[in-house]
Amino acid sequence: MNKSLEIEMLKKLLEIRFFEETTIKLGQQGKIGGYIHPYIGEEAVAVGVCMAITSEDYITSTHRGHGHCIAKGSDMGRMMAELFGKDTGYCKGRGGSMHITDAKLGILGANGIVGGGIPIAVGAGFTCRRLKNSRISVSFFGDGAVNNGVFHESLNMASIFKLPVIFVCENNLYANSTNVNNSTSGESIGSKGKAYNIPSYIVDGSDVIEVYNAASQAVGNARKGKGPSLIEAKTYRFYGHHSNDPAEYRDKKEEEFYKNNKDPVINFKNRLLKENVITVSQLEDIENEVKDKVNLAVKFAEESPEPDLATFLERIESI
């Protein structure tokens, strides 16, 4: 691994962690309305994958999409403004937490519909293939999405046309409150690629390097015209389905195990310190830099104007 790449990975992991912790506090203070679905515990998946692609590549996200957007390079000020419902937000305050989009960065939208981004990513991949522009498309989705027909339809189509699409399943063990073992049959989610002749990778979603290596291989194959890949990243969300969900359906020992042993941020910090990639002093500087960046995002959102009532219904279609 390149030292500068590892440090950049650490910064992105910290940006996501601090951003999410801040949004939870702001939600509790009533400054952010609606549901917030924290990505805390899953940061390594978004960072590992997005570090393996370029700014010109496409991604589709989920209702738990803040991490994907930050990892892809979104402006946290505009993201925070969107959560605040301000006019300077990515969707001018109309979309909120679950619908952040940045077409210039190839972010084709977070999506409140389970599995809703999967066919969009396939469409983007089809465009890339037709234009022969060497770009690829990545779809992030949860374990609950694999039981929807659109998942199977999309893998089938991507395989038939050898589309440059990477399907990334963030298996955090729970679809809302339903354990994956009670809802999904088969050897594993990753093994489902076999039915469509798609290479599959099953990785530790708390290890950013392991995710990055698998994603890099899948991306390389896609750019060479070898078609799609399926990555199952085994991960865990440290909060409930949303920030106000007490997650009483989960075993407390299970939660403690993942928080104590599989924290992607703490483990990567310790790894870089142990391997002398960074010093304790450098780590403190990086953390302070990231915290300042998140605080500036909050300041930007708080000082941004509310949407103008005269234009509030623009781009809203009536039925």
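Does N276 count as buried or exposed? At 64% relative accessibility, N276 counts as exposed, where buried means under 20% relative accessible area, exposed over 50%, and partly exposed in between, with a 1.4 Å probe and protein chains only.

1. Basis of the notes. This is a predicted model, in which local features need pLDDT of at least 70 and side-chain atom pairs count only at pLDDT 80 or more, while totals for chains, interfaces and linings use all residues. Residues are numbered from 1 along each chain as its sequence is written, and side-chain values use heavy atoms, with hydrogens and water left out.

2. Positive phi angles. The exposed residue N276 has a phi near 60°, a positive value in a residue other than glycine, and it lies in the loop between α9 (264-274) and α10 (280-303); helices (H or I, at least four residues) and strands (E, at least two) are DSSP runs, numbered from the N terminus. L173, also not a glycine, has a positive phi near 80° and is found in the loop between β3 (165-171) and β4 (174-175). L173 is buried, with a relative accessible area of 19%.

3. Helix α9 and its surroundings. The buried residues of α9 are P264, V265, F268, K269 and L272. Seen down the axis of α9, these residues fall within an arc of 125°, so they line one face of the helix; the arc is that of the directions from the helix axis to the C-beta atoms. Among the elements that cover the buried residues of α9 are α1 (3-28), α2 (43-50), α7 (208-223) and α10, contact meaning heavy atoms within 4.5 Å.

4. Which residue forms a salt bridge with R223? The partner is D57, and the closest N and O atoms are 2.5 Å apart. R223 lies in helix α7 and D57 in the loop between α2 and β1 (58-60), so the pair ties together parts that are 166 residues apart in sequence. R223 is partly exposed, with a relative accessible area of 34%, whereas D57 counts as buried at 1% relative accessibility.

5. A pair within one helix. The side chains of E15 and K12 meet in a salt bridge at 3.5 Å, N to O. Being three residues apart in helix α1, E15 and K12 are separated by about one helical turn. E15 is buried, with a relative accessible area of 7%, and K12 is buried too, at 12%.

6. Salt bridges overall. The structure holds 17 salt bridges. R250, K252, E255 and K259 are linked in a network of such bridges.

Definitions and conventions:
A salt bridge is a side-chain nitrogen of Lys or Arg within 4 Å of a carboxyl oxygen of Asp or Glu.
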